[in-house]
Amino acid sequence: MFDSRALDEFLRKVNSMVSNSPVAGMEKNARAMMMGFFSNMDLVTREEFDAQAAVLASTRQRLYALEQRLRVLEEQGQGAEVV
């Protein structure tokens, strides 16, 4: 079984070492640069993406139901023409 306490302790030690080194300042600068870069791009948030995915799934379900109804109506129309 995986011991998460050992991993947590390791991560705490690494985080402590990084926060006390020049790497911390580089990380902050890199993070700021990346945030500036991404803010200039036309990206959407995860929440916006998930909302649009839900709308698309709902639309697909409605389209499928309408296709089924149309198929039934077409079959009924063909039967009426024969009689």
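Select phenylalanine 37 to start: this residue is partly exposed, with a relative accessible area of 48% (buried means under 20% relative accessible area, exposed over 50% and partly exposed in between, with a 1.4 Å probe and protein chains only). Phenylalanine 37 sits in helix H2, residues 22-40. Helices here are DSSP runs of H or I with at least four residues, strands are runs of E with at least two, and both are numbered from the N terminus.

You are looking at a predicted model, where local features need pLDDT of at least 70, side-chain atom pairs count only at pLDDT 80 or more, and totals for chains, interfaces and linings use all residues. Residues are numbered from 1 along each chain as its sequence is written, and side-chain values use heavy atoms, with hydrogens and water left out.

Next, the charged pairs. A salt bridge is a side-chain nitrogen of Lys or Arg within 4 Å of a carboxyl oxygen of Asp or Glu, and the count comes to two.

For one of them, select glutamate 9 and arginine 12, whose side chains meet at 3.0 Å, N to O. Both belong to helix H1 (residues 4-19), three residues apart, so about one helical turn separates them. Glutamate 9 is partly exposed at 34% relative accessibility, while arginine 12 is exposed at 52%.

Then move to arginine 46 and aspartate 50, a salt bridge with an N to O distance of 3.2 Å. These two lie four residues apart in helix H3 (residues 46-82), so they too are separated by about one helical turn. Arginine 46 is exposed, with a relative accessible area of 56%; aspartate 50 is partly exposed, at 37%.

Finally, zoom out to the whole protein. What does its secondary structure come to? There are three helices and zero strands, in the pattern α-α-α along the sequence. Buried residues make up 1% of the 83 residues.
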